Every structure is written in C-alpha cells, then in structure tokens.
Amino acid sequence: MKSLKHNEEISVASTVESIHYHDVIIIGGGLTGLRAAFQVSNSGLSGALISKVHPLRSHSVAAQGGMNASLGNVPGDDGASDDWKMHAYDTVKGSDYLADQDAVEKMCREATATVYELEHMGTVWSRLENGKIAQRPFGGAGFPRTCYAADRTGHNALHTLYEQVLNKNFPIYEEFFVTSLVKDKGRCIGCTAMEIMTGKIHGFISKAVLMATGGFGRVFNRSTNALINTGDGLSLALNAGVPLKDMEFVQFHPTTLYGTNILMSEGARGEGGILINSQGERFMEKYAPNSVDLAPRDVVARSIEQEIREGRAFDGGYVHLDLTHLGSDRIMERLPGIRQIAMDFAGVDPIEEPIPIQPGQHYSMGGIDADINGVTKLPGLYAAGECACISVHGANRLGGNSLLETVVFGRLVADKIIDDINQTPEPDTQAVQLAINQVESKIGEIIGRKKDANIFNVKDEMTETMFKKFGIFREGQTMEKGLKEILKMENKFSNLTINNKHLAVNQTLVQFLEIEGMLKIAEVVARCAIKREESRGSHTRTDHPDRDDENYLKHTLIELEDKNLNISYKPVTIGMFEPKERVY
Ligand SMILES: Cc1cc2nc3c(=O)[nH]c(=O)nc-3n(C[C@H](O)[C@H](O)[C@H](O)COP(=O)(O)OP(=O)(O)OC[C@H]3O[C@@H](n4cnc5c(N)ncnc54)[C@H](O)[C@@H]3O)c2cc1C
C-alpha cells in the first residue's frame with residue numbers, strides 16, 4: 001500500500017472512509033486536548049481530535065474550585081504579595097519533594113499568562129470588588145492563589161476552549177473510542193479507533209500522537225470522577241511498550257458527599273468552611289495546627305479517616321463540612337453549585353445545616369512517563385494532562401494545580417510536537433491496516449467467547465478491592481492479598497464475553513474494553529504500591545510510616561516487557577528546594 005501525503009488527506013472527520021491522515025492526532029477532548037488542538041490549528045499543520053464522548057462531557061467540565069496562578073490580587077496574611085517562586089515552593093512541598101522541580105518551575109512561571117489568556121478567550125473569572133480576578137485560599141498554598149469562576153471553573157474553561165477550537169474548524173472525531181496505538185519502525189504512527197455509532201474500526205495515520213485521555217479514577221470505588229475516567233490512555237501506552245510513572249500515588253479528596261461521593265470542592269474550605277467530628281470538635285486543629293482545614297489533601301484525608309477509625313465519626317463513616325457560618329449571600333455567590341449538589345443528592349441545604357462528607361478517590365498523580373516536553377519513550381507519542389506524569393505533582397497534588405497543568409502543558413507539548421514534526425518521516429499506511437485487522441479480530445474473538453458472566457460484577461469487585469486494600473492507609477500484607485485478588489479477576493475476565501453481540505452503539509463492548517484496561521491499571525497500582533516501602537504524600541503505609549529519602553526519593557517506572565510488568569526507578573529532578581520535613 002502506498003503512503004499518504006498530507007495533500008492527499010482522505011477525509012476530515014468523515015466516517016465514510018476508514019483510514020484518515022492528519023499530521024497530528026490528539027486523543028482526548030478535555031482541557032489538555034482542546035488547548036493542544038488550538039495550538040496545532042494555529043500552526044497550519046493538519047490535526048484532528050478524537051474523543052470517546054462529546055468534548056464537553058470530558059471530566060474537565062466537572063472541575064469546581066479553580067486554577068492556581070500567582071497573580072497576587074489578594075495579599076497574604078502579612079500583607080506580602082505572591083510570586084511564582086512561592087507557588088513553586090508550595091507545589092514542591094505539597095508533592096512531598098517527589099515532583100520534578102524543573103517542570104514545576106515551568107508550570108508556575110507560565111501560570112499567570114495562562115489565566116489571562118483564558119480570560120481573553122472568554123473565561124468568565126469571578127471578580128474582586130476592585131474588578132481584578134478573584135483568588136481564594138486553597139489547601140497547602142501560602143497565599144490566596146486559586147482563580148475561580150464561582151464553583152464551576154472547569155465548565156467555564158472547557159466551554160471557552162471548545163468554542164475556540166470550533167471556531168478554527170478543527171476536525172473532531174467524537175464518540176470514537178481509541179482501541180490501540182500503531183507502531184512502525186519503532187515510532188508511533190497513529191492509532192485505531194472504534195466509531196461507537198457503527199462499531200466500525202478506523203485507522204488514523206499521523207506523524208505525532210498526543211495522549212490527553214485524563215485520569216484512571218474509576219479503578220477505585222468511592223470516586224469523584226466521571227464514569228469515563230477509566231485510564232484508557234495509560235493502558236494503550238503500556239501495551240505499546242511505554243512506561244508508566246509513579247502509579248502508586250493516587251489522591252483521595254477529603255470532602256466528597258457521603259453516599260454518592262460527588263466532590264464538595266476544596267473551595268468550600270477556601271471560603272471558610274470547617275470540618276467537625278461527631279463530638280463537635282474541629283479536629284484539624286490537632287493534625288495541622290497552622291493550616292488547620294486548609295492543609296493539603298493527603299493530610300486532611302488521612303485525618304478524617306483517622307477520626308472515622310477511632311470512632312469519632314457519625315454512623316456510617318462520615319464527618320461534617322460546616323458552611324452555615326458563611327451566610328447565605330456568600331454561599332449563593334461563591335458556592336452555588338456545591339449547595340445545589342448537597343440539596344439534590346443529600347437533601348441538605350448547606351445554608352442551614354452541615355454537609356455529611358467522607359474521603360474519596362479523586363486524582364491520579366501517576367501516569368504515562370513523559371519528560372518536561374511531554375516526550376515519551378516511544379518516538380512520535382507525547383502525553384500531557386492528567387494521563388501523563390510530567391511530574392509536577394509528585395506524591396500529592398495541590399488543589400488548583402491540575403487545571404493549570406492541563407492548559408499549560410496542552411500548549412507547551414503541542415509546541416514541541418510542532419517543532420519536531422519537520423524531522424519526522426512520512427508514515428506508512430500498511431501498519432495501520434494491519435492494526436485495524438488486529439482490533440477487528442480481537443473484538444470478533446471476545447464476541448465469539450462462550451462464557452457469559454456479568455462483566456460489571458468483576459468491575460465492582462475490582463473497584464472495591466482497590467479502595468479497601470490500596471486506599472488511604474496501606475499495609476504490605478493486605479496489599480499482597482489485594483494483588484492476588486486482582487490477578488484472579490484479570491484471569492477470570494479474559495474468558496468472559498458480552499450478551500450484546502451487535503457492533504453498532506454497543507456500550508457494553510466499549511465498557512468491556514475499558515474494564516480490561518482498568519484491571520491492568522489496578523495491577524500496576526498494586527505492584528508499584530507494594531514495592532514502595534515508605535510513606536510519602538498520598539502513599540501512606542502503616543507498616544512503613546516514615547518518608548525514606550535515602551531509598552525512595554525516586555520515581556517508580558513500570559513497563560510491559562514480554563507480557564511481564566517490570567519495575568525500575570529513576571531520579572527526581574531537585575532544583576531550588578532541598579527536601580525537608582513537611583509540616584503544616
Ligand atoms: C469533580 C472534579 C473536580 C475537579 N476540580 C478541580 C479544580 O477545581 N481544580 C483543579 O486544578 N483540578 C480539578 N480537578 C482535576 C481536573 O479537573 C482534571 O485533572 C483535568 O480536568 C483533566 O483534564 P484532561 O484534559 O487531562 O482530561 P479529561 O478532561 O478527563 O479528558 C479526557 C478526554 O480523553 C478522552 N478519552 C479517554 N479515553 C479515550 C479513548 N479510549 N478514546 C478516545 N477518547 C478517550 C475523553 O473522551 C475525554 O475527552 C477536578 C477533578 C474532578 C473529578
């Protein structure tokens with residue numbers, strides 16, 4: 001088969017042909033993917049974005065509390081003004097010194113320009129009385145640094161970027177589920193994807209692929225994440241021989257609504273909300289005397305869990321997030337979404353009574369191993385956003401830094417791709433056709449299997465094992481048991497089939513493929529967590545309670561080699577801030 005040149009581009013977001021050529025393929029339509037798409041469209045290259053859902057349904061839309069940038073619009077307690085170095089310091093300390101400090105520096109230096117850029121594109125930031133962009137205090141931050149659009153920041157920013165990308169007529173293949181990465185002569189030259197509407201497998205040929213597929217939160221139960229956050233990008237990368245990094249570091253958010261685990265934004269505590277146990281005590285005074293309720297998430301989540309374990313929680317295992325003292329005006333202006341969610345899903349009006357909350361899985365610090373430019377081990381494959389581990393969050397992410405990461409690195413990694421593309425050889429179509437055939441025969445094989453058990457039971461077992469055995473507090477023997485359970489589930493799953501044998505609009509098939517990947521991610525998290533015999537950031541081991549810089553101030557890498565998952569380590573980039581004890 002002959003290779004395609006760009007001027008022979010077959011189709012733009014067409015579903016008639018099954019092989020499509022674009023210089024750059026972006027997988028993911030969240031903030032990262034859309035910001036990258038905007039950059040690629042400005043460069044004059046041909047690009048396209050693929051998303052398994054409509055881009056506005058990406059999890060970015062759910063972000064509530066805000067985006068960090070040292071604008072310095074609100075002075076600190078002592079009247080001092082914020083700057084990027086203070087932002088970098090808080091981020092590195094928050095990361096328990098595992099973040100790569102060159103990447104942190106880059107992100108924090110770019111932050112203010114990023115907030116202003118979004119503003120100029122149309123994001124409606126909340127304002128101070130003097131008309132400047134408002135900033136609220138957030139956990140682990142030395143200054144009120146988090147810019148917000150009430151408690152709907154992600155919604156605002158995602159709509160802004162989506163409009164910008166639509167305005168450029170950038171091709172978007174929406175409701176296309178990416179099924180594999182295509183490799184040829186040691187390079188990533190595209191991907192395959194199932195058009196969900198028809199079940200047809202398409203091939204995408206490109207000189208560069210940017211992975212922007214978000215986190216893997218749904219591997220755990222009690223997650224604040226959208227149901228689509230199944231970590232597909234990570235399993236696609238793993239299967240293509242690309243290492244994942246720091247996968248043991250999973251963030252548990254302190255305040256999720258009891259019963260449904262919908263997020264109650266840290267912005268609620270930023271606005272002055274406090275945590276109270278069943279004895280009426282403001283227990284965070286004991287765990288973090290200086291920062292109290294606004295200590296970083298790992299600290300507050302552990303403290304709540306401790307209160308629950310020691311019997312100072314309400315029946316069922318929750319504590320209270322009390323906003324009643326803030327008054328209705330403030331709640332209606334700054335936290336309208338939180339109030340609505342609490343009323344709709346827990347029957348509680350936060351103006352009148354405290355909100356029942358418990359910790360829940362929230363964020364994936366680990367991800368596809370990528371350097372400061374988003375470059376991965378596989379030439380042609382780049383990664384950014386929550387699916388990547390460029391390592392700006394290390395062992396614990398500070399609230400407000402993820403939205404920032406998506407937009408900063410969405411742009412910077414796109415710039416790197418644009419720079420690299422001239423030296424990239426023209427890809428060949430043959431490998432793509434072969435990859436399409438492989439996916440088709442894999443799906444045929446799954447559908448043809450006989451063993452008809454409920455795949456969702458396996459998923460429920462997995463998420464429960466992950467929360468119970470790899471949750472806030474971890475311990476060696478319990479984790480070993482958890483790993484065995486996961487391996488059994490993987491084994492069982494590999495024989496299962498699905499009831500619906502049709503290809504068109506087969507959501508069960510999509511979920512089958514998601515769960516298959518999730519089980520592998522669960523195994524990866526388990527293996528990495530067992531190997532790290534220390535406590536750092538979100539990874540708290542009751543059998544190894546201290547941080548051990550001598551042996552573990554290093555990133556964990558895990559990759560698939562001959563079907564085995566192999567673990568290795570690589571150094572952390574230290575910069576301005578030498579590791580020291582983390583006190584709040
Ligand atoms: C409830 C909630 C509130 C949050 N609030 C904040 C906040 O206030 N501040 C903050 O800094 N961070 C916050 N975060 C974290 C932050 O929102 C996310 O980390 C960030 O938005 C992730 O963006 P992303 O672009 O990397 O991925 P996402 O927005 O998750 O997008 C992933 C995209 O990948 C696509 N995709 C995935 N798999 C496939 C596949 N197989 N084929 C095709 N497409 C695929 C999806 O369709 C989607 O378009 C919050 C997170 C949650 C869950």
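What lies 2.7 Å from an oxygen atom of the ligand? An N or O atom in the side chain of S51 does. The model behind this contact is predicted, with local features needing pLDDT of at least 70, side-chain atom pairs counting only at pLDDT 80 or more, and totals for chains, interfaces and linings using all residues. Residues are numbered from 1 along each chain as its sequence is written, and side-chain values use heavy atoms, with hydrogens and water left out.

A backbone N or O atom of V53 sits 3.5 Å from a ligand oxygen, and a polar backbone atom of G400 is 3.4 Å from an oxygen atom of the ligand. On its own the ligand has 1000 Å² of accessible area, and the protein covers 98% of that; such areas come from the Shrake-Rupley method with a 1.4 Å probe.

The shell around the ligand holds 37 residues, the closest being S58, H59, S60, E386 and S402; a residue belongs here if one of its heavy atoms lies within 4 Å of the molecule. By kind, the shell splits into 21 polar, 12 nonpolar and four charged residues. Here Asp, Glu, Lys and Arg count as charged, Ala, Val, Leu, Ile, Met, Phe, Trp, Tyr, Cys and Pro as nonpolar, and the others, Gly among them, as polar. At least two shell residues each come from α1 (31–43), β3 (47–51), β8 (176–184), β16 and α11 (401–420). The top contributor is α11, with four residues. Helices (H or I, at least four residues) and strands (E, at least two) are DSSP runs, numbered from the N terminus.

Strand β13 (residues 250–257) pairs with β16 in the antiparallel sense over six bridges; pairing requires at least two DSSP bridges between the strands. Within this pairing, Q251 has Y363 as its bridge partner in β16. Strand β15 (residues 319–322) also runs antiparallel to β16, joined to that strand by three bridges, and V319 stands opposite I357.

Elsewhere, S235 is part of helix α5 (residues 232–239). This serine counts as buried because its relative accessibility is 9%. Setting aside neighbours within four places in sequence, S235 is in contact with G517 and I521, where contact means heavy atoms within 4.5 Å.

Note on methods. Buried < 20%, exposed > 50% of the residue type's maximum accessible area, 1.4 Å probe, protein only. Polar contact = N/O pair within 3.5 Å; in protein donor to acceptor, adjacent residues only side chain to side chain.
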